[in-house]
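Let's take a walk through this one together. Have a look at the model first, and then we'll go from the whole down to single residues.

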There are 2 protein chains.
Amino acid sequence: MSQEDKKKDITIYDLASELKISASTVSRALNDHFSIGAETKKAVRKLAKEKGYRTNVIASSLRTNKSSTIGIMVTWINRPFISSLIAGAEKAAKEAGYQVIITQTHDDIEMEKANLKMLYGIRVSALIVSLAMETNDYSHFDLFLDNGIPVIFADRIPKKSNVSMVNINNFNAGFDATQHLIDQGCKRIAHFGGLPHQTLYEDRCFGYKAALKKNNLYEGEELIIYANQLSADEGKRLAEQLLTLDIIPDGIFCANDTVAISAMKYLISQGYNVPEDIAIIGFNDDPICQLINPTLSTIHHPAEKLGEYAVAQVLLALEKDYKIATTTLDTYVVQRGSTDRKIKQMKPLKSNIG
Amino acid sequence: MSQEDKKKDITIYDLASELKISASTVSRALNDHFSIGAETKKAVRKLAKEKGYRTNVIASSLRTNKSSTIGIMVTWINRPFISSLIAGAEKAAKEAGYQVIITQTHDDIEMEKANLKMLYGIRVSALIVSLAMETNDYSHFDLFLDNGIPVIFADRIPKKSNVSMVNINNFNAGFDATQHLIDQGCKRIAHFGGLPHQTLYEDRCFGYKAALKKNNLYEGEELIIYANQLSADEGKRLAEQLLTLDIIPDGIFCANDTVAISAMKYLISQGYNVPEDIAIIGFNDDPICQLINPTLSTIHHPAEKLGEYAVAQVLLALEKDYKIATTTLDTYVVQRGSTDRKIKQMKPLKSNIG
DNA sequence: TAGGTTTACGCAATCGATTTAAATTTTAAA
DNA sequence: TTTAAAATTTAAATCGATTGCGTAAACCTA
């Protein structure tokens with residue numbers, strides 16, 4: 001296709017000259033401005049439709065310094081709960097007449113910064129962010145905040161209070177997960193956690209500790225093992241480390257499903273029975289939890305709802321003056337095979353380790 | 001944050017007036033135009049850096065009718081091989097100085113059209129597309145093609161030849177998968193396929209048939225069962241349907257892993273042994289293949305490479321006049337537990353059904 | 001040194017939609 | 001019939017970067 005063949009876009013000027021009115025009238029008619037007569041509006045819209053007019057959003061954005069686009073910046077789009085979050089946000093955004101643009105940071109701060117610049121460049125109307133794992137300096141978001149562009153942090157939220165956020169109650173979730181293990185008879189419970197400078201992992205850990213304390217169970221720093229990435233590789237590493245302990249725990253609360261599954265596989269390969277010897281509960285309720293054997297108990301993460309609420313906050317911030325707000329959603333335990341000791345106890349059971 | 005507080009962006013005019021030169025010179029200096037003196041360029045860049053100047057890509061796009069952004073439109077970002085494709089494309093795009101914007105169609109034609117308009121609206125420089133399942137009319141892409149904006153179809157490609165594409169050799173893949181089952185001793189092989197109006201599924205099916213023919217095995221239309229969505233639910237449905245056949249096949253080639261896994265689970269739940277009674281091979285090599293029991297044999301899909309090649313074609317199309325080209329990559333069989341009959345045959349084996 | 005080139009830069013138009021302020025037409029009250 | 005008020009519409013500026021065209025200054029060459 002050579003240059004000359006390119007179709008030229010229809011502009012408001014084309015419509016204006018054909019209707020023998022001014023471009024400003026066309027613009028206002030298309031935007032349903034009150035000052036334009038009903039007849040004129042109808043005529044403009046009719047012709048616009050006929051001619052296949054499509055507003056040049058670039059020009060519009062240049063003038064208004066806005067777009068009808070919400071940027072979503074996440075760590076990895078292939079994480080099930082992240083894509084659910086996006087799906088929820090897309091749904092809500094679409095209903096409100098907004099488009100959504102997605103970028104991923106691969107958990108890398110530099111990419112986070114680069115994407116941020118890009119999204120700022122295309123003048124997204126608002127931004128929904130799930131932070132990169134390492135991020136603990138938030139100054140690169142000032143570009144948006146200083147310009148009054150709403151930023152909503154979702155799930156991986158920053159440790160500062162003067163920003164809008166949607167998240168889950170990680171403390172309660174950690175507590176519930178641990179309590180669930182306790183209810184299944186676990187006496188010595190380990191925790192595979194994410195880096196505690198991310199509040200969500202810290203809170204899950206706090207919940208875990210609180211449950212131990214409430215039930216008068218042993219707490220010890222050696223029971224908490226941290227993962228940098230919460231990846232499958234890390235899961236194996238953590239499980240290996242777990243097995244070096246003097247007393248092997250009989251329950252593990254993992255900060256995500258990926259680590260839980262990987263650890264479970266490794267422990268089983270080493271001859272441990274799950275849940276009899278070691279019960280395991282994950283976090284997020286990824287679809288894979290139901291596909292493995294034993295199926296993985298986990299905390300259900302309302303990721304899709306989180307996305308919807310994030311957009312709801314965006315819309316509020318866009319309509320009114322910029323408001324700070326935090327929405328916190330609840331989670332619940334999903335019991336599956338990896339912690340289901342009740343049934344097993346029907347049959348004679350070999351005694352737990354530790 | 002109220003309106004008045006907003007920081008104003010630095011423009012080339014700000015730089016120009018401070019340096020007492022014209023805005024055009026600033027613009028050219030920043031773009032390294034040959035006609036600008038080295039001294040001037042240095043001074044402009046220095047001040048730009050100091051002042052934190054950031055080019056307004058919206059204004060630039062308006063003027064040039066281009067952006068430095070590549071749009072990627074896929075069906076579902078949470079499919080492992082799709083996110084790999086995106087990762088590959090992002091990597092290649094980044095190296096070439098392009099940004100990437102992702103949208104998903106949820107396999108819905110209307111969303112495909114809406115996203116297309118949006119991406120056109122923000123003047124992406126090029127588009128990489130994996131088609132929605134139902135798409136068999138491609139006229140909505142004319143908006144791009146008629147305007148000389150490169151469109152590269154990836155993986156799910158259209159049934160027309162005058163467009164650029166990157167894909168895998170689905171015929172060979174289907175052949176290899178089937179041949180692999182045959183090599184494992186399967187005599188009667190079923191195929192769970194995607195809708196054949198998508199060429200990739202059609203080709204896999206052709207490969208399947210060709211392998212049967214070459215090995216003089218029974219071919220019958222009842223052995224081919226089509227799925228609309230290739231989802232887990234469908235996988236179960238297809239397996240149920242398979243069990244209604246007069247003679248139960250001893251091997252299944254599934255058009256994706258999701259269906260394969262779901263079908264396998266169902267068959268095992270019905271008392272069949274995999275791979276002894278029925279061997280199963282999937283397609284894509286999703287990570288989950290290694291996590292289930294038995295592990296799933298599959299066709300490795302070079303999705304990430306596909307993404308890289310797609311961007312390579314974009315860059316070619318952008319540099320030169322728009323060229324049509326097709327890149328086809330090879331796949332290979334990954335043998336895992338679900339087809340591993342050789343080892344089992346060491347021990348006495350109950351005879352295959354059918 | 002006159003005339004021709006280069007080099008380096010500025011002017012002003014342009015991209016298309018929006019918006020302020022002003023002009024025009026219509027309506028309604030006096 | 002006037003005239004103020006209301007309802008429409010328009011002209012022109014604007015958003016910020018790019019670019020065709022023009023030109024002054026510096027540099028050559030014969």
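What follows starts with the protein chains, moves to the DNA and ends with a few local details.

First, some ground rules. This is a predicted model, so to speak of a local feature we need pLDDT of at least 70, side-chain atom pairs count only at pLDDT 80 or more, and totals for chains, interfaces and linings use all residues. Residues are numbered from 1 along each chain as its sequence is written, while chains are lettered from A and ligands numbered from 1 in the order in which they are written.

Now bring in chain B.

How do the chains meet? In all, 33 residues of chain A are in contact with 34 residues of chain B, where contact means C-beta atoms, placed from the backbone, within 7 Å. On the chain A side, α4, α5 (80–95), β2 (99–104) and α6 (109–121) each supply at least two residues; these helices (H or I, at least four residues) and strands (E, at least two) are DSSP runs, numbered from the N terminus. The largest share, five residues, comes from α4(A). Also, 100% of the interface residues of chain A are interface residues in chain B too, so the copies meet through the same surface.

Next, the DNA. Around DNA strand C there are 27 residues, of which Thr11(A), Ser24(A), Ile21(B), Thr25(B) and Gly37(B) come nearest; a residue is near a strand if its C-beta atom, placed from the backbone, lies within 6 Å of it. Around DNA strand D there are 28 residues, and Thr25(A), Ser35(A), Thr11(B), Ser24(B) and Ala59(B) come nearest. At least two residues each of the surface near DNA strand D come from α2 and α4 of chain A, together with α1 (12–19), α2 and α4 of chain B.

Let's zoom in on helix α8 (residues 170–183) of chain B. The helix has 14 residues and reaches 19 Å from its first C-alpha to its last, close to the 20 Å expected at 1.5 Å a residue, the expected span being 1.5 Å times one less than the number of residues. Eleven of the 14 residues of α8(B) are buried, so the helix is largely enclosed by the rest of the structure. Buried means 20 or more other C-beta atoms within 10 Å of a residue's own, exposed means 12 or fewer, and partly exposed is in between, with C-beta atoms placed from the backbone.

Asp107(A) and Asp32(B) are not glycines, yet each has a positive phi of about 60°. Asp107(A) sits in the loop between β2 and α6 of chain A and is buried, with 20 other C-beta atoms within 10 Å. Asp32(B), in the loop between α2 and α3 (38–51) of chain B, is exposed, with 9.

Definitions and conventions
Two residues are in contact if their C-beta atoms, placed from the backbone, lie within 7 Å.
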